[in-house]
Amino acid sequence: NNLPMNICNTTQMPNPNAASHPPNQNEPILKSPTSSFLSPPFIQHLASPTIQKVVIVGCGGGFDFVHSMLFYPELRQMGKEIIIVSNSFGDVEHFESEPLSSQYDATPSMDVRLVTAKTGHLQRSVYAPELHVLAFLDEQFPEEAPHSMYACYARDNVVPAFSRFLESLGADALVAVDGGSDSLMVGDEEDLGDPIEDAVTVCSINECSANLKILFLVGLGCDRFNGVSDASSLRAIAELTRDDGFFGCLSVCGSPLTFYQSCLDYINANQSFQSVLAGCISASGRGFFGDEKESADAVGTPRVSAGSCFLWPLMPILWAFDIDTVSRRSRIVSWVKHANSMRELHQILRYKRQVTDLRGVEELPRHVDYRC
């Protein structure tokens, strides 16, 4: 059954070659908010009438685009035209659809597919989150079916090709969604997680001409699973705030969390791979805390056991940042900007890390050290 959410009808996803909707050049891009004074700036920016077409991009690959389901209904309710781009960690050649890359003057390594829930896939029951999200959206909003999205292989993307593709979509707003916080790493941290795909996406969006460019982060603390320090992540937020690059944050609860959990349930019922990060966001949003067995079980995947992942209430929070500010702060973004292959990206990162003065492991303070 459809979830009881008040979602407005919107225009079906257009052909990427369709004309964009540029705002009136005499009108300010970001109008003063007419909603509550307490609305986060990113809500005010996205609600602007000059923002009509919103392109959501999975920042680092894998399930990152899935986390957009936390705010997807809100964008529909605003009446926005939404296009989703999945940076897939699955081989897009498994989709039984024709590559579209030639339409975007992209390099041969840029393989883009436009898919729907009915698109064939060689590993649908193993790993095809794009198709399962689309099937879920078709069920929730049947009047707008069939939904579609673009899929490309995250580990093949380079900035020159990816930025041209994103620019061709004619977005008023480009929104990257990162599960975890490795997209905020500068490059001098002790460990970076898996930063290359994030940096390529951030840099590619920054190269585009959209009026609004936002990086959403959710699952803060999940990337400690991949070596990213929580202290490094929180320091990054402080530095971006100081540089006027923080667009506010919002706890996810109630209907948005229910919608997200229903989408995860649908995915998990139709493929064997289950996302640890998505499970952590969901479990912490339902009030689970710590790394004991009860919390580990709540994540919902056998890949997590007691002591392997620490849940806390910062995970189900949407943090929003100005992509231009994130790009200027990041050394990694400048490193990856002109690379033309994934091999070159890894070589550059490895070399730059060798000649960079790296920080030690950054730790949060212990309560016992600050007691009077």
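The model is predicted: local features need pLDDT of at least 70, side-chain atom pairs count only at pLDDT 80 or more, and totals for chains, interfaces and linings use all residues. Residues are numbered from 1 along each chain as its sequence is written, and side-chain values use heavy atoms, with hydrogens and water left out.

## Overall fold

The secondary structure of the chain comes to twelve helices and eight strands, where helices (H or I, at least four residues) and strands (E, at least two) are DSSP runs numbered from the N terminus. Of the 372 residues in the chain, 56% are buried, a word that here stands for under 20% relative accessible area, with exposed meaning over 50% and partly exposed in between (1.4 Å probe, protein chains only). Among the contacts with a separation of 6 or more, 80% are between residues 24 or more positions apart, a contact being heavy atoms within 4.5 Å.

The eight strands of the sheet lie in the order E3-E4-E2-E1-E5-E6-E8-E7, and this open sheet has mixed pairing; two strands pair if DSSP finds at least two bridges between them. At the edges stand strand E3 (112-116) and E7, each of which pairs on one side only. On average, neighbouring strands of this sheet are turned by 25 degrees against each other, direction ignored. Axes are lines fitted to C-alpha atoms, for helices over the stretch in contact, and angles run from 0 to 180 degrees between N-to-C directions. Helix H4 (residues 159-168) lies across E1, E2, E3 and strand E4 (148-153), and it runs at about 160 degrees to E2.

## Strand E1 and its surroundings

Strand E1 (residues 53-58) runs parallel to strand E2 (residues 81-88), and five bridges join the two. Within this pairing, Val54 has Ile82 in E2 as its bridge partner, while Ile56 stands opposite Ile84 in E2. In a regular strand the side chains alternate between the two faces of the sheet. In E1 both faces are covered, with Lys53, Val55 and Val57 buried on one side and Val54, Ile56 and Gly58 buried on the other. Because six of the six residues of E1 are buried, this strand is largely enclosed by the rest of the structure.

Asp172, which sits in the loop between H4 and E5, is likewise buried, with a relative accessible area of 3%. Between Asp172 and Val55 the separation is 117 residues in sequence and 8.0 Å in space, C-alpha to C-alpha.

## Pockets and cavities

Rolling a probe the size of a water molecule over the atoms shows where empty space is left. On a 1 Å grid over the protein atoms alone, a cavity is a set of points where a 1.4 Å probe fits but cannot get out, whereas a pocket is an open set with protein on both sides within 12 Å along at least five of seven lines; lining residues have an atom within 4 Å of a point. Grid points are joined across faces, edges and corners, and a volume is the space filled by probe spheres set on the points.

| Space | Volume |
|---|---|
| Largest pocket | about 520 Å³ |
| Second largest pocket | about 280 Å³ |
| Second largest cavity | about 50 Å³ |

The largest pocket has a volume of about 520 Å³. Of its 26 lining residues, Phe89, Gly179, Asn226, Ser275 and Leu277 are the closest to its centre. Strand E5 (173-179), helix H5 (195-206) and helix H8 (276-285) each supply at least two residues of this lining, and the largest share, three residues, comes from H8. The lining of the largest pocket divides into ten nonpolar, seven polar and nine charged residues, where Ala, Val, Leu, Ile, Met, Phe, Trp, Tyr, Cys and Pro count as nonpolar, Asp, Glu, Lys and Arg as charged, and the others, Gly among them, as polar.

The second largest pocket holds about 280 Å³ of space. Of the 20 residues that line this second largest pocket, Leu70, Phe71, Glu74, Leu250 and Pro256 are the closest to its centre. Its lining divides into 16 nonpolar, three polar and one charged residue, and H2 gives the largest share, four residues.

The structure holds two cavities of 30 Å³ or more. In the second largest cavity, the residues of the lining include Asp182, Met185, Val326 and Ile332, and H5 gives the most, with four residues.
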